[in-house]
Amino acid sequence: MEQYGKILLIAMPAFLLLVLFEKWYGWKKGFDTVRNFDMISSLTSGVTNVTKDVLGIGFSIITYTWLLQHLAVTHIKATWLIYLVTFIVLDFAGYVVHLIDHKFNFFWNSHIIHHSSEEFNLACALRQSVSVFVKLFVILLLPAALLGVPAEVIAIVAPLHLFAQFWYHTRHIGKMGFLEKIIVTPSHHRVHHAINKEYIDKNLGQILIIWDKLFGTFQEELKEVPPVYGITRPAQTWNPIKINFQHLWLLTKDAWRAKKITDKIRIWFMPTGWRPADVEAKYPVYKIEDVYHFTKYSTPETRPMLVWCWIQLVVLLLFVSYLFGNIGFIGNPAFFLYGGFIFVFVYALTELMDGNRNAIWWELLKCIIGAGFIFFFEDWFGVDRELEVVANAGEFPLLGVGLLTGLDLAISYRTGEVTIL
């Protein structure tokens, strides 16, 4: 966890700067694709995701290290060719997981947050799930384990593979010539995020587009069909925590209300969006039918509200940065308390953005929890001691803001163990 937090502090400020740059670039060119509240919602979603992962809230059925130790039929040295093969294996595994997420009701809940934005920009790349606690991705690395691909190769390639999925979440880059035939481009991924009937469940590749072309899930972006973004059952909230569990809650209610036992069971494994006929008739759910004629979710963005929300976001990022940089010092169980405070902070802020009346109570709860921590610890999780150490050393701490698109890899460089969270 501590190594992961340090990686976030060093590497991820670039993501935030790119998000802000895209906002500025769109404004300057007269084609702003980044709405303020939508961007803040995306950034808070990134905060909840990385906080959950840094705290290690989740576990793997099996680790890659275990597969390597027990199933490897040979052992391969870490040459440039092995790095290339590992990259391809990871990319195919990612394609398969992505396909499963889109095709089955239960697994869609873990991915819906990523598609929930009704815009398409770099910020929405940060919308990642906090609703997954058991991950099966490592099982798909079985071919690499059988070949004896070293764990350190996975540890290097996996983060690079993940970071490379950020850049193509933009509407400011058109088609890219011959690269369209090889890699996932912004054009390909615009199709993937669209809810047009021509585009749904298409272009599931992560880096290489060849998987989609091989398995029939490829669709080119059509000039006559401009992509419309979001999900067909719109989230209607800026609150990323609510979005993470909306679909799961609907499935639970539908399973409870269904009359047939078979429907109660099969609803979880049916294609995404399927509901029992009797439940759908009695409890209809709004679904976008005409993608070109619906109203995007919005709430009033007055200047005082925007200023306050941006101040709150900056404060949130400072809190998160301190957690990531000092998780080892804060220790267990204090860092779980800290993580809980971060989630309450996000919930309070986004409820305010939604204009919900209960936002004041969440804000009050946040303040009470924060004040309680200061009273109990007599400072903010050891910050006085940290400042004293810095002052004595005559150094200034590096302040980083960690925002990640959902790195699912925990790496222990001391033991060489690689675990998919």
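The largest nonpolar core has 45 residues, and L316, I330, Y338 and F381 have the most contacts inside it. A nonpolar core is a set of buried Ala, Val, Leu, Ile, Met, Phe, Trp, Tyr and Cys residues joined through side-chain atoms within 4.5 Å, where buried means under 20% relative accessible area with a 1.4 Å probe and protein chains only. At least two residues of this core come from each of α2 (13-29), α3 (36-54), α15 (303-325), α16 (327-330) and α17 (334-354); helices are DSSP runs of H or I with at least four residues, numbered from the N terminus. The largest share, ten residues, is supplied by α17. Another core, of 17 residues, lies apart from it and includes L67, I82, V149 and A151.

The model is predicted: local features need pLDDT of at least 70, side-chain atom pairs count only at pLDDT 80 or more, and totals for chains, interfaces and linings use all residues. Residues are numbered from 1 along each chain as its sequence is written, and side-chain values use heavy atoms, with hydrogens and water left out.

Leaving aside neighbours within four places in sequence, Y338 is in contact (heavy atoms within 4.5 Å) with F319, Y322, L323, I330, W380 and F381.

How values were computed: Buried means under 20% relative accessible area, exposed over 50%, partly exposed in between (1.4 Å probe, protein chains only).
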